[in-house]
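Subject: A structure for you to explore

Hi there,

Here is the structure I promised to pass on to you. Have a look at it first, and then read on for what I found.

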Amino acid sequence: MIRSKDGHTKKKDLTTFAKEAVTDFRTVGAVAPSSRYLAQAMLGPLPLEKAQLVVEVGPGTGAMTRALLKRIPRDATLIAFEINPRFLRYLKSSISDARLHVVNASAETLEKEVHRRGYNHVDAVVSSLALGFMPARQRREFLGALGSLLGEEGVFTQYQYFHRLQMKNGHVRRFDLVRLLHRYFGSVKRRIIWRNLPPAFVFACRGPFSAETRRSLRARA
Ligand SMILES: C[S@@+](CC[C@H](N)C(=O)[O-])C[C@H]1O[C@@H](n2cnc3c(N)ncnc32)[C@H](O)[C@@H]1O
């Protein structure tokens, strides 16, 4: 079961997070770890009670990770993808739980990494990625892989602070995240969480398209 290692505090989470946000805002994409209200909103739509495999993308200092470990079954597995080496070290030193596998790999390798570990199906994917700051190709590869892994029953949640803006060729451009998500999922529900710094939009996505549409999305990626 989840055990916070010695010395783990919310203050350490905050200082570690803030340092990385200053150093690399484009990939961190936030100024502070998510509040418990945001974590609850992200986890609420997910089928966690009977989950066998859950994937988290962008765990940072572990705000969602700890909440997930409290909710998934004792025999479930949580794979967390993180590219920031300081966050990787921080997660490994502050959370001790045999169900958690922290992977130093980027979001777009999700399908390959999941298959490599012997799984074909993921029950839920929780993403904290700043999608608007990601290169379009990387974003397409990540979203395009979700349909076949989640199947008809799985659920994907994503939060975002700026869902109408993106960085393109170094310029800020308009972005329509809801429209983009509808290309990959049959149902996209949005809500705003005010009790977070800053307030965040949560997107809960279900019902991936048919296998045929998924194949053509993949071919386009
Ligand atoms: C907004 S922070 C979220 C941290 C944490 N989940 C929370 O809610 O407090 C986004 C995280 O995504 C990670 N990240 C950014 N790009 C990534 C990628 N391509 N693959 C995996 N993680 C990535 C960042 O290093 C950072 O930890």
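This is a predicted model: local features need pLDDT of at least 70, side-chain atom pairs count only at pLDDT 80 or more; totals for chains, interfaces and linings use all residues.

Strand β2 (residues 53-57) and strand β6 run parallel and are joined by four bridges.

Val-126 stands opposite Thr-157 in β7, and the bridge partner of Val-125 in β7 is Phe-156. To get from β6 to β7, the chain passes through helix α7 (residues 136-150), and this β-α-β crossover is right-handed.

Which way do the residues of β6 point? Ala-124 and Val-126 point one way from the strand (residues 124-127), while Val-125 and Ser-127 point the other way. In β6, the residues on both sides are all buried.

Are the faces of β7 covered or open? Both are covered: Val-155, Thr-157 and Tyr-159 are buried on one side, and Phe-156, Gln-158 and Gln-160 are buried on the other. Six of the six residues of β7 are buried, so β7 is largely enclosed by the rest of the structure.

Nonpolar side chains tend to be buried together in soluble globular proteins. The largest nonpolar core here has 58 residues, and the members that touch the most others are Val-54, Ala-124 and Val-125. Helix α7 gives the largest share of this core, with six residues.

Not counting residues up to four places away in sequence, Val-54 touches Leu-48, Leu-68, Ile-72, Ala-76, Leu-78, Asp-123 and Ala-124.

One of those residues, Leu-48, lies in the loop between α3 and β2. Why does Leu-48 count as buried? The cut-off is 20 or more other C-beta atoms within 10 Å, and Leu-48 is buried because it has 20 of them. Leaving aside its neighbours within four places in sequence, Leu-48 is in contact with Leu-43, Val-54, Arg-71, Ile-72 and Ala-124. Leu-48 and Leu-69 are 21 residues apart along the chain, and their C-alpha atoms are separated by 9.9 Å.

Gln-52 is found in the loop between α3 (36-43) and β2 as well. Gln-52 is partly exposed, because 13 other C-beta atoms lie within 10 Å. Its contacts, again leaving aside neighbours within four places in sequence, are Ala-76, Thr-77 and Asp-123. From Gln-52 to Ile-83 there are 31 residues in sequence and 24 Å in space, C-alpha to C-alpha.

Arg-137 is in helix α7 and counts as exposed, because it has 10 C-beta neighbours inside 10 Å. Phe-185 is in strand β10 (residues 185-193) and counts as buried, because it has 21 C-beta neighbours inside 10 Å.

Now for the ligand. How many residues surround the ligand? There are 22, and the closest are Ala-30, Ser-34, Gly-58, Gly-60 and Ser-128. The elements that give two or more residues to this shell are α2 (25-28) and α4 (63-71). By type, the shell divides into 13 nonpolar residues, eight polar and one charged.

Helix α4 itself is mostly covered, with seven of its nine residues buried. Those buried residues are Ala-63, Met-64, Thr-65, Arg-66, Ala-67, Leu-68 and Leu-69.

Finally, here is a detail in the backbone. Most residues other than glycine have a negative phi, and most peptide bonds are trans. The peptide bond from Leu-197 to Pro-198, however, is cis, with omega near -10°. You will find Pro-198 in the loop between β10 and β11 (200-208).

Enjoy looking around, and write back with any questions.

Best wishes

Conventions: Residues are numbered from 1 along each chain as its sequence is written. A residue is buried if 20 or more other C-beta atoms lie within 10 Å of its own, exposed if 12 or fewer, and partly exposed in between; C-beta atoms are placed from the backbone. Two strands pair if DSSP finds at least two bridges between them. A crossover is right-handed if, with the strands pointing away from the viewer, the path from the first strand over the helix to the second runs clockwise. A residue is near a molecule or strand if its C-beta atom, placed from the backbone, lies within 6 Å of it. Ala, Val, Leu, Ile, Met, Phe, Trp, Tyr, Cys and Pro count as nonpolar, Asp, Glu, Lys and Arg as charged, and the others, Gly among them, as polar. A nonpolar core is a set of buried Ala, Val, Leu, Ile, Met, Phe, Trp, Tyr and Cys residues joined through C-beta atoms within 7 Å. Two residues are in contact if their C-beta atoms, placed from the backbone, lie within 7 Å.
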